[in-house]
Amino acid sequence: EAASTLADPATAGVTANNQTMCDCLYIEKSEYGDGTRPENALSLGLDNFRRQGGSILQEALASVGITGKDYVDPDLMPPNCLGLTLDSEAVREAERRREARAGEKVEANPVSRVLYDVGCYFLDELFEDRPIARFWFLETIARIPYFSYVSMLHLYESFGWWREPELRKVHNAQEYNELHHLLIMEALGGNARFRDRFLGYHVAIAYYWAICSLFLASPAAAYEFMELLESHAVDTYSVFFNENKERLKTLPPPKVARSYYKAANLYLFDDFQVSKKPKTRRPPCDNLYDVFKNISEDEAEHVRTMKACKDYSRVGDIVVSPHLGITDDVDEEEKRRAWLEWSEMLNSGAEEDF
């Protein structure tokens, strides 16, 4: 069984790069992704065990030269066939330069800083020369704190301690943005290896409970740690898209990237960017360079939002959705027109009854 579902180049919405020697296609739907519908935990668990177990067996047999008729050499599939690189030392140097600039170093407590440094070290070691797999792992982890924040805010609200729906709304928009970063990495084959998926999912579970516990003790510390990670993401993506600039510009964007950055309704895209007014950021998405540059800019917005949340938890400066208090004249006119049409239809029906 093939490791992933590749899009058919004869169909619309598939991306093929004809400028490479290999027929390199983006993965439209990962076999290791979501199921077809919500089911009971036992069914979902068994189905996932079947899929993951088959992958383990396939990878083990391929390592000793035993392959099936549907086996595809990993070097002919994304991410290997994309030919992308990441210099870890350049990332560390970018971080040192950022922290040397006034006001850009994240002031974290010693424990958070040590955990962060240890995490970065293991990232460099585990994902050396595998940037897309590294990004998939990072994006799997990056979503988790927003789940934790919303869970804790629901808890506070359920106990009657404190309520702020605007903050939950911002965190939901942040998670939705990180979800699309993750989907982009899956389209690029970032979750192709079983050991990467195993590590990412299990670290994510532990990370969720760790952030929930930290939030209970100190919301500021929970936001501060995420600010550290998002700052690292900005440095990493910036180095990556500059290092691979010419190559990335020859590769088209995955379908999921275009559907997100070029959607007709970008309400949630605007909603996590608390430093900007809605509809003021509309980035291009013409090639893979644009995609990674957009992701880097998204992460920079997350840094600003985390800093605002940290300050909010300390001094009470409120963090709200950028849409709060903003009315769209066009939308209001459309609503008025629809209401008038509905009322006329209602009145005409009443006249017929009489």
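**Helices, salt bridges and burial**

Reader: What is the relative accessible area of Asp 47?

Author: Asp 47 counts as partly exposed, the class between buried (under 20% relative accessible area) and exposed (over 50%), taken with a 1.4 Å probe over protein chains only. This is a predicted model, in which local features need pLDDT of at least 70 and side-chain atom pairs count only at pLDDT 80 or more, whereas totals for chains, interfaces and linings use all residues. Residues are numbered from 1 along each chain as its sequence is written, and side-chain values use heavy atoms, with hydrogens and water left out. For Asp 47, the relative accessible area comes to 28%.

Reader: Which residue meets the side chain of Asp 47 in a salt bridge?

Author: A salt bridge is a side-chain nitrogen of Lys or Arg within 4 Å of a carboxyl oxygen of Asp or Glu, and for Asp 47 the N to O distance is 3.2 Å.

Reader: How many helices and strands does the protein chain have?

Author: Helices (H or I, at least four residues) and strands (E, at least two) are DSSP runs, numbered from the N terminus. Counted in this way, the secondary structure of the protein chain comes to 13 helices and four strands.

Reader: How many residues apart in sequence are Arg 134 and Asp 124?

Author: Arg 134 forms a salt bridge with Asp 124, with the closest N and O atoms 2.9 Å apart, and both residues are buried. Arg 134 lies in helix α4 and Asp 124 in helix α3 (residues 110-126), so the pair ties together parts of the chain whose separation in sequence is 10 residues.

Reader: In which helix is the Glu 175 that pairs with Arg 143?

Author: Arg 143 and Glu 175 form a salt bridge whose closest N and O atoms are 2.7 Å apart. The pair links distant parts of the chain, 32 residues apart, with Arg 143 in the loop between α4 and α5. Both Arg 143 and Glu 175 are buried, and the helix that holds Glu 175 is α6 (residues 165-187).

Reader: At what angle do helices α4 and α5 pack?

Author: Two packed helices are described by the angle between their axes and the distance between the axes. Axes are lines fitted to C-alpha atoms, for helices over the stretch in contact, and angles run from 0 to 180 degrees between N-to-C directions. The axes of α4 (residues 131-142) and α5 (residues 144-158) are 5 Å apart, and the angle is about 5 degrees.

Reader: How is α7 oriented relative to α8?

Author: The axes of α7 (residues 194-217) and α8 (residues 219-243) come within 5 Å and cross at roughly 135 degrees. Angles under 35 degrees count as roughly parallel, over 145 as roughly antiparallel, 65 to 115 as roughly perpendicular and the rest as oblique, which makes α7 relative to α8 oblique.

Reader: How many disulfides are counted?

Author: A disulfide is a pair of cysteine sulfur atoms within 2.5 Å. Cys 212 is buried at 3% relative accessibility, and Cys 309 is likewise buried, at 0%. By this rule the number of disulfides is zero.
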